[in-house]
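Visitor: Please take a close look at one part of this structure, the packing of a pair of helices. Then carry on from there to whatever else deserves attention.

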Amino acid sequence: MALTLYVETDRWRAHQRSVVADFPGLVPVCKGNGYGFGHDRLAEEVSLLELDMIAVGTTYEAAAMKDRFSGDILVLTPYRRTEEPVPLPDRVVRSASSVDGVYGLVGSRVVVEVMSSMKRHGVTERDLGKLHAALDDVRLEGFAIHLPLDRTDGSDAVEEVIGWMDRLRAARLPLDTMFVSHLSSRELARLRQQFPQTRFRARIGTRLWLGDHGATEYRGAVLDVTPVAKGDRFGYRQQKAPGDGWLAVVAGGTSHGVGLEAPKALHGMTSRAKGMARAGLATVNRNLSPFVWDDKQRWFAEPPHMQVSILFVPADAKEPKVGDELKAILRHTTTQVDRLTDR
């Protein structure tokens, strides 16, 4: 009895191929929990796509990926002199976001990140004059720019990249390869038209692996079902059942990421009102679970346990049975499943 990620494999792979076709030179991103699929599976998929490079988040992920993937591995986290040394093969490419970082990578293959409107990390325009000497002692694989997802100020992502291309060209730095993130295929086509001598490589994770929502589905198996009457006490905290019905014990708890949620940026009055409503319900121990039964998202009976969740299913719903599976609406990047099943 498990929390399972079901994958419609043919459909999922067809979507992957369509993204690869739209983004020639694509660099697939495999970081964190592997977007819910795990690093082993994504390394296998990249190999099937016959792509020459994969991007990971950290040097620790690169150390694990080197035994799973035979091509080049790009580490997205920028190098820092104070980091713990991790033995890595020559096919690993490091990112640098400062002149000092470049100097610390003597002899290495390096991608230099420039500071975008994200303002997360990257070399600035005033650093460009100092880069020439630093680049003499590394093997430059190209420059990179990581762009924001939303542009609430109405600015143009392509114009931001063009601005950086012009600065690099003015500083007489090589424009052979530019790694980009969060651009559409149409935006990339504009860049390729304007800079035909530059190879643009899109680093893509979410769109590649999770772009077809219908190709995947999480389900948690029912482990036990106990009938309760209104007022019956149950659980760790001996709360009272809110009505007649059943307590359904379902595979999937905090160790799987169930009940854990990353903060969300709220836009507009409707989303803010919903957030306030959820917060208000939580103060009286009413928390909606991600599990769906009988076409409705069901309430947690109490906070999820480490490996299971207990749900309250009211008497007016269909009675759940041991072995039934409940669809779960979960975030791929925060979920660890017991098993992945192709179908």
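**Helix pair and surroundings**

Guide: Helix α6 (residues 157-170) packs against helix α7 (residues 185-194) at an angle of about 30°, and their axes lie 10 Å apart. This is a predicted model. Angles under 35 degrees count as roughly parallel, so α6 and α7 are roughly parallel to each other. Their crossing is right-handed. Two packed helices are described by the angle between their axes and the distance between the axes.

Helix α1 (residues 9-22) and helix α2 (residues 39-48) pack at about 60°, with 11 Å between their axes. That angle makes α1 oblique to α2. The crossing of α1 and α2 is right-handed.

Eight strands form an open sheet with parallel pairing. Their order is β2-β9-β8-β7-β6-β5-β4-β3. At the edges sit β2 (27-28) and β3 (53-56), each of which pairs on one side only. Inside the order, β8 stands between β9 and β7. Strand β7 spans residues 139-146 and strand β8 spans residues 177-181. These two strands pair in the parallel sense over four bridges.

Now the empty space. Rolling a probe the size of a water molecule over the atoms shows where empty space is left. The second largest pocket has a volume of about 720 Å³. Its lining counts 29 residues, and the closest to the pocket centre are Lys31, Tyr35, His146, His182 and Thr206. Several elements give two or more residues to this lining: β4 (72-78), β8, β9 (199-204) and α8 (206-210). Strand β9 gives the most, with three residues. By class, the lining divides into 11 nonpolar, 12 polar and six charged residues.

His146 links this pocket to another void. His146 falls within the residue range of β7, and it is among the residues closest to the centre of the second largest pocket. His146 also lines the largest cavity, together with Glu113, Ser116, Met118, Arg120 and His121. That cavity has a volume of about 30 Å³. The structure holds one cavity of 30 Å³ or more.

Strand β14 (residues 288-293) pairs with strand β15 (residues 296-300) in the antiparallel sense over three bridges. Leu288 has Trp299 in β15 as its bridge partner. β14 and β15 form a hairpin, with two residues between them. Asp294 lies in the turn and has a positive phi of about 55°. Strand β15 also pairs with strand β16 (residues 308-314), in the antiparallel sense over two bridges. Here Phe300 stands opposite Leu311 in β16.

To return to the part you asked about: α6 and α7 pack at about 30° with axes 10 Å apart, and they cross in the right-handed sense.

Definitions and conventions
Residues are numbered from 1 along each chain as its sequence is written. This is a predicted model: local features need pLDDT of at least 70, side-chain atom pairs count only at pLDDT 80 or more; totals for chains, interfaces and linings use all residues. Side-chain values use heavy atoms; hydrogens and water are left out. Two strands pair if DSSP finds at least two bridges between them. On a 1 Å grid over the protein atoms alone, a cavity is a set of points where a 1.4 Å probe fits but cannot get out, and a pocket is an open set with protein on both sides within 12 Å along at least five of seven lines; lining residues have an atom within 4 Å of a point. Grid points are joined across faces, edges and corners, and a volume is the space filled by probe spheres set on the points. Ala, Val, Leu, Ile, Met, Phe, Trp, Tyr, Cys and Pro count as nonpolar, Asp, Glu, Lys and Arg as charged, and the others, Gly among them, as polar. Axes are lines fitted to C-alpha atoms, for helices over the stretch in contact, and angles run from 0 to 180 degrees between N-to-C directions. Angles under 35 degrees count as roughly parallel, over 145 as roughly antiparallel, 65 to 115 as roughly perpendicular and the rest as oblique. A crossing is left-handed if the near helix is turned anticlockwise from the far one by less than a right angle, and right-handed if clockwise.
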